[in-house]
Amino acid sequence: MPDVIEVEELRRTYAGGFEAVRGISFSVARGELFALLGTNGAGKTSTVELLEGLAPPSAGSVRVLGHDPYTERAAVRPRTGVMLQEGGFPSELTVAETVRMWAGCTSGARPVGEALELVGLARRADVRVKQLSGGEKRRLDLALALLARPEVLFLDEPTTGLDAEGRHTTWELVRELRDAGTTVLLTTHYLEEAEALAERLAILHEGRIAVAGRVDEVVAAQPSHLSFDLPEGYHLGDLPPLGPLGVTSHETEGRTVRLKTTALQHAATELLLWARNSRVELRGLDIRAASLEEAFLHIAREQESTR
Ligand SMILES: Nc1ncnc2c1ncn2[C@@H]1O[C@H](COP(=O)(O)OP(=O)(O)OP(=O)(O)O)[C@@H](O)[C@H]1O
C-alpha cells in the first residue's frame with residue numbers, strides 16, 4: 001500500500017529569497033503517527049503548510065493520499081483535517097455556532113454535539129469564542145479539524161497553551177484517532193509529546209532533517225548517564241577499566257564521577273559488582289537512560305558546532 005504522505009527532496013524558498021526548507025524527504029504510512037520536531041525557525045510550519053496544500057513547493061514533491069495537495073486540492077482537502085497554529089475564529093460567535101458554521105461547509109460532518117464532546121468542550125457550547133481560554137481555543141481548533149472524520153490529520157503544535165490535564169486529554173484523543181486508523185502528522189515543541197505519541201519522527205534543523213527514525217532508535221543512539229561519588233580512599237584508576245563499559249566520556253568534580261555510556265546496563269552492573277567486591281558503597285548513585293530531550297539538545301548543539 002502506498003504511503004499516505006510522501007515527501008521527496010522538498011524545498012521552500014520565500015519571496016525574499018530565504019530558503020526555509022532545504023531538500024527534505026520522509027514518508028508516513030497509513031495509520032502512523034509521525035512527529036516533526038525542530039528548533040525555532042527550523043522549517044516545521046513551512047513544511048506542514050506545503051503538505052496542507054497552502055502553497056506550492058519551490059522544488060521537490062509532496063503527495064498526500066496519492067495526490068498533489070496544491071494542484072489537486074479538491075481531491076485531498078475533504079479527506080484531511082488541519083489544525084493550524086493560529087485558528088482565528090470570529091470572536092463574537094459562540095463555540096456551538098462556530099462549529100455549526102464550519103459543519104455547514106463540510107460534507108459528512110459530525111454532529112456539532114459529538115465534535116464538542118470529543119474535545120471536552122460540550123459544556124462550553126454557548127460561550128462566546130472571545131471568552132475562551134487559550135487552551136480551550138486550541139481544543140475548538142481540534143474539534144474543527146476533526147469535523148469531517150479525516151483520514152489524515154495535520155496537527156501543528158496542538159497542545160500549546162494547554163495545561164497538563166488538557167494536554168493528556170488531547171493525547172488520549174489523538175491516540176484513539178490513530179488507533180482507529182487516522183494518519184497523523186504532528187509538529188510540537190514538547191519532546192515528551194513526541195515521545196508519548198509518535199512512532200517515528202524527524203528532527204529538523206535549519207531546513208534540513210538532522211536525524212530521523214523510530215523514536216526508540218533515535219533515543220538509543222544517545223549515551224546514557226551514570227554518576228556516583230568515589231568512595232573515600234579510592235581513585236578513578238581503581239574503578240574497572242571504563243572503555244569496556246561503553247564509556248564515551250567522563251568527568252570528575254570533587255569526588256563525583258560522571259560517565260556517559262552507550263552500554264548503561266552493563267556499565268551499571270560492573271560498577272555495582274566492583275563496589276560489592278570492594279566492600280564500598282557508591283553514594284549518590286544516579287543512573288539515567290537517554291531521553292528524546294537529550295537527543296534533541298545533542299543534535300542542536302552538534303549542528304551549531306559544525307557551522
Ligand atoms: N513568509 C515568510 N517569508 C520569509 N521568511 C519566512 C516566512 N515564513 C517563515 N519564514 C522563515 O522561515 C524559517 C522557518 O520558519 P517556520 O515557521 O517554518 O519554522 P518553525 O520550525 O515552524 O518554527 P517555530 O518552531 O518557531 O514555529 C524561519 O527562519 C522564518 O523566519
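Helix α5 (residues 134-145) is mostly covered, with 10 of its 12 residues buried (20 or more other C-beta atoms, placed from the backbone, within 10 Å of the residue's own). The model is predicted, so local features need pLDDT of at least 70 and side-chain atom pairs count only at pLDDT 80 or more, while totals for chains, interfaces and linings use all residues. Residues are numbered from 1 along each chain as its sequence is written. Among the buried residues of α5 are E136, K137, R138, R139 and D141, together with L140, L142 and L144. Their cover includes β5 (80-83), α3 (95-104), α4 (112-118), β6 (152-156) and α6 (164-179). From first C-alpha to last, α5 reaches 17 Å, close to the 16 Å expected at 1.5 Å a residue (1.5 Å times one less than the number of residues). Helices (H or I, at least four residues) and strands (E, at least two) are DSSP runs, numbered from the N terminus.

Turning to the ligand, the surrounding residues are Y14, G16, F18, A20, G38, N40, G41, A42, G43, K44, T45 and S46 (C-beta atom, placed from the backbone, within 6 Å). Helix α1 (residues 44-51) gives the most to this shell, with 3 residues. By class, the shell holds 4 nonpolar, 7 polar and 1 charged residues.

Notes: Ala, Val, Leu, Ile, Met, Phe, Trp, Tyr, Cys and Pro count as nonpolar, Asp, Glu, Lys and Arg as charged, and the others, Gly among them, as polar. Two residues are in contact if their C-beta atoms, placed from the backbone, lie within 7 Å.
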